[in-house]
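Hi there,

Here is the structure I promised to pass on. Could you have a look at it next to my notes below?

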Amino acid sequence: ATPDMMPKLAKLGRVLGPKGLMPSPKSGTVSTTLTATLSEFKKGKFEYKADKTGVVHVSFGKSDFDENKLSENLEALYQSIEQN
């Protein structure tokens, strides 16, 4: 979303917020350069957060991935969490 659209989206905050779909400048989903932002997310950029107990909820694959692909994704996710 662009910054000028955020007041209009605020009306939908009660619906989008609990689903995790509300755009946020902190997560990088509010930007003036939509094409660059969309290409970053299409390349695989994503955000993950830990809940109050320190548990990170994130999917690292799909059910049709083979075991090697899942282990590669899990290792990359682990390294990313360790770096941050």
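Among the contacts (heavy atoms within 4.5 Å) between residues at least 6 apart in sequence, 31% join residues at least 24 apart. Please keep in mind that this is a predicted model, where local features need pLDDT of at least 70, side-chain atom pairs count only at pLDDT 80 or more, and totals for chains, interfaces and linings use all residues. Residues are numbered from 1 along each chain as its sequence is written, and side-chain values use heavy atoms, with hydrogens and water left out.

On the fold: the chain has four helices and zero strands, taken as DSSP runs numbered from the N terminus (helices are H or I with at least four residues, strands E with at least two). In sequence order that reads α-α-α-α. The chain is more spread out than a compact globule, because its radius of gyration is 16 Å, well over the 12 Å that the globule rule gives for 84 residues. That radius is taken over C-alpha atoms, and the rule is 2.2 Å times the number of residues to the power 0.38. The C-alpha trace spans about 45 × 30 × 30 Å along its principal axes.

As for burial, 12% of the 84 residues count as buried. Buried means under 20% relative accessible area, exposed over 50%, and partly exposed in between, with a 1.4 Å probe and protein chains only.

Phe-46 sits in the loop between helix 3 (34–42) and helix 4 and is partly exposed, with a relative accessible area of 44%. Leaving aside residues up to four places away in sequence, Phe-46 touches Val-58 and Leu-77. Glu-75 belongs to helix 4 (residues 67–83), and at 41% relative accessibility Glu-75 also counts as partly exposed.

Finally, the largest pocket has a volume of about 310 Å³. Of the 15 residues that line it, the closest to its centre are Gly-20, Met-22, Ser-27, Thr-29 and Glu-47. A pocket here is an open set of points on a 1 Å grid over the protein atoms alone, where a 1.4 Å probe fits, with protein on both sides within 12 Å along at least five of seven lines; lining residues have an atom within 4 Å of a point. Points are joined across faces, edges and corners, and the volume is the space filled by probe spheres set on them.

Best wishes
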